Structures are given as C-alpha cells and as structure tokens.
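Please look through the model shown here before reading on.

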Amino acid sequence: MAADAIVALHFAFVLFVVLGASLVLRWPRVAWFHVPAVIWGALVEFTGWICPLTPLENRLRRSAGETGYQGDFIAHYVLPMLYPNGLTRQDQLLLGSAALAINIAIYALAFVRHRRRTVKEHMIGPQ
C-alpha cells in the first residue's frame, strides 16, 4: 500500500510540474511551490537523473515481497500510456522541454494579466 501511495504522490507531482502553472492564474502564491517543482522536474528529465521517489517505491515493493522495476517513474508508468516502445534519452529531453514550454506560456499569461491589473488599478484605483 505504501508503494502505491508513493506512485500516486509521484503521479500527482508530475501533473503539478506540467500543469501547475494553471493554478497560478487563480492563486498566484502557488508559484512559490510550483517554480521549484518545475526546476526539479526539468533537471530530472534533462540530466537523466532518477527521482528519489522511484527507488523508494521499489524498496517498499521489494520489502513487501513484490518485484521492483528498472528505470524511472516516467518510463514505467507514464510512457507506456504515451509511447509503446519505452523511454529514450530523446523522449526525456522532449518531455522536459514540453513541460517547460507549457509552464513558460502559462506564466507569461499570468504575468500579462497581473501587469494589466496593476496598470488598471494604478489608473483608476483598486476595485
């Protein structure tokens, strides 16, 4: 059960890295948590590191008498949904770049919205 909880946490973290900037549009302070998460996620993808949650999950599975797996979380759980042939280094770079591009676009939108709101408040006062 603990290993399954780690998988759920890991998957939630990956979703937060990729789509968390959309939360910033509604709750700007989420950026304080999201930006470090994106940096970590991009570093893992660009460097080929394995997230510490993966070995933890495998250790928990082995201690419960199950078998672990080789590779990383994305290769084992996410990539089979996206790519049937498995994760390559090029796929990791692409996934990391896509996550960054999505987040940069959403943060740019958040910045523009904030800027417009600030200018509007300055011109006509707070509402």
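Predicted model: local features only at pLDDT ≥ 70, side-chain atom pairs only at ≥ 80, totals over all residues.

Residues are numbered from 1 along each chain as its sequence is written, and side-chain values use heavy atoms, with hydrogens and water left out.

Begin with helix α1 (residues 2-19) and helix α4 (residues 53-63). Helices here are DSSP runs (H or I, at least four residues), numbered from the N terminus. The axes of α1 and α4 cross at roughly 160° and come within 8 Å; axes are lines fitted to C-alpha atoms over the stretch in contact, with angles from 0 to 180 degrees between N-to-C directions. α1 and α4 are therefore roughly antiparallel, a label given to angles over 145 degrees. The crossing of α1 with α4 is left-handed (the near helix is turned anticlockwise from the far one by less than a right angle). On the α1 side the contact (heavy atoms within 4.5 Å) is made by Ala 2, Ala 3, Asp 4, Ile 6, Val 7, Leu 9 and His 10, and on the α4 side by Leu 53, Thr 54, Leu 56, Glu 57, Leu 60 and Arg 61. This contact has 8 nonpolar, 2 polar and 3 charged residues; Ala, Val, Leu, Ile, Met, Phe, Trp, Tyr, Cys and Pro count as nonpolar, Asp, Glu, Lys and Arg as charged, and the others, Gly among them, as polar.

Leu 53 lies in α4. Leaving aside residues up to four places away in sequence, Leu 53 touches Ile 6, Leu 9 and His 10. Between Leu 53 and Ala 3 there are 9.5 Å in space, C-alpha to C-alpha, although they are 50 residues apart in sequence.

α1 also meets α3, their axes coming within 9 Å and crossing at roughly 105°. That makes α1 roughly perpendicular to α3 (65 to 115 degrees). Phe 13, Phe 16 and Val 17 of α1 contact Phe 33, His 34, Ala 37, Val 38, Trp 40 and Gly 41 of α3.

Helix α3 (residues 31-47) in turn pairs with helix α6 (residues 89-124), with axes that come within 8 Å and cross at roughly 160°. α3 and α6 are therefore roughly antiparallel to each other, and their crossing is left-handed. Among the residues in this contact are His 34 and Val 38 in α3, and Leu 93, Leu 100 and Tyr 107 in α6. The contact of α3 with α6 has 10 nonpolar, 6 polar and 2 charged residues.

Which residues line the second largest pocket? They are Val 24, Leu 25, Pro 28, Ala 31, Tyr 107, Ala 110, Phe 111, Arg 113, His 114 and Arg 117. α6 supplies the largest share of this lining, 6 residues, and α2 (21-26) also supplies at least two. The lining divides into 7 nonpolar, 1 polar and 2 charged residues.

Conventions
Parallel < 35°, antiparallel > 145°, perpendicular 65-115°, else oblique. 1 Å grid on protein atoms, 1.4 Å probe; cavity = no way out; pocket = protein on both sides within 12 Å on 5 of 7 lines; lining within 4 Å.
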